[in-house]
Amino acid sequence: LDFSGKTVPPGEYSLFIDLKPNAWTLIISSWPAQAKYDPQNKAALWGAYGYTRDKDVARVPMKVDTLPFAVEELTWSFVDMTKDSGRLALMWGKTMGSTPFKAIAAR
């Protein structure tokens, strides 16, 4: 996938959002996730505990919009989908952050 000119190859990733007022950033990280919490496991994350930037694959700015309705639960969604593109959206309350992506041909 291509996120704002940054290629993310097929694989397993963790997603984080850096939430600054009106300046959200999607973080795509190669940190693996722990299936079960193990404080001794320093090679994988439980949530964002132990996160560091050194495994970031991409940091992508997100557009922040005010929704005309409230979303009660944190919701991740794909919106504006076409055959080979769309937007990844995160909604909560009356706020939505989104960023476009497009599929790129395998090389």
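# Reading rings, pockets and strands

The second largest pocket is lined by Trp31, Gln34, Tyr37, Asp38, Pro39, Asn41, Lys42, Ala44, Leu45, Trp46, Tyr49 and Gly50.

Me: What kind of model is this, and how much space lies in the second largest pocket?
Reply: The model is predicted.

Me: How do the residues of its lining divide into nonpolar, polar and charged?
Reply: Seven are nonpolar, three polar and two charged. Trp31, one of the lining residues, also has a charge over its ring: the charged end of Lys55 sits there, 4.3 Å from the ring centre.

Me: What volume does the largest pocket have, and which residues are the closest to its centre?
Reply: Its volume is about 240 Å³. There are 13 lining residues, and Leu1, Phe3, Val8, Tyr13 and Leu15 are the closest to the centre. Strand E4 (25–29) and strand E7 are the elements that give two or more residues to this lining. By class, the lining of the largest pocket has 12 nonpolar residues, one polar and no charged.

Me: Phe3 is an aromatic residue; which cluster does it form part of?
Reply: Phe3 forms one aromatic cluster with Phe78 and Phe101.

Me: How should I read a pair of rings, and how many aromatic pairs does the structure hold?
Reply: A pair of aromatic rings is described by the distance of the centres and the angle of the planes. The structure holds four aromatic pairs. In one of them, Phe78 and Phe101 have ring centres 5.9 Å apart and planes at 80°. Planes over 60 degrees apart count as edge-to-face, so the pair of Phe78 and Phe101 is edge-to-face.

Me: Which parts of the chain does the pair of Phe78 and Phe101 tie together?
Reply: Phe78 belongs to strand E6 (residues 63–79) and Phe101 to strand E7 (residues 85–102), so the pair ties together parts that are 23 residues apart in sequence.

Me: Is Phe78 buried or exposed, and is Phe101 buried or exposed?
Reply: Phe78 has 56% relative accessibility and therefore counts as exposed, the cut-off being over 50%. Phe101, with a relative accessible area of 11%, is buried, since buried means under 20%.

Me: Which residues does Val64 touch, and how exposed is Val64?
Reply: Val64, which lies in strand E6, touches Asn22, Ala23, Trp24, Thr95, Met96 and Gly97, again not counting residues up to four places away in sequence. Its C-alpha atom is 7.0 Å from that of Thr95, 31 residues apart along the chain. Val64 is partly exposed, with a relative accessible area of 25%.

Me: How many helices and strands are there in the chain, and what share of contacts comes from residues 24 or more positions apart?
Reply: The chain has zero helices and seven strands. Among contacts with a separation of 6 or more, residues 24 or more positions apart account for 48%. Of the 107 residues, 31% count as buried, and the C-alpha atoms fill a box of roughly 45 × 40 × 20 Å along the principal axes.

Methods. Residues are numbered from 1 along each chain as its sequence is written. This is a predicted model: local features need pLDDT of at least 70, side-chain atom pairs count only at pLDDT 80 or more; totals for chains, interfaces and linings use all residues. Side-chain values use heavy atoms; hydrogens and water are left out. Rings of Phe, Tyr and Trp (its six-membered ring) pair if their centres lie within 6.5 Å; planes under 30 degrees apart count as stacked, over 60 as edge-to-face and the rest as tilted. Helices (H or I, at least four residues) and strands (E, at least two) are DSSP runs, numbered from the N terminus. Buried means under 20% relative accessible area, exposed over 50%, partly exposed in between (1.4 Å probe, protein chains only). A charge sits over a ring if NZ of Lys or CZ of Arg is within 6 Å of the ring centre and within 35 degrees of the ring normal. On a 1 Å grid over the protein atoms alone, a cavity is a set of points where a 1.4 Å probe fits but cannot get out, and a pocket is an open set with protein on both sides within 12 Å along at least five of seven lines; lining residues have an atom within 4 Å of a point. Grid points are joined across faces, edges and corners, and a volume is the space filled by probe spheres set on the points. Ala, Val, Leu, Ile, Met, Phe, Trp, Tyr, Cys and Pro count as nonpolar, Asp, Glu, Lys and Arg as charged, and the others, Gly among them, as polar. Contact means heavy atoms within 4.5 Å.
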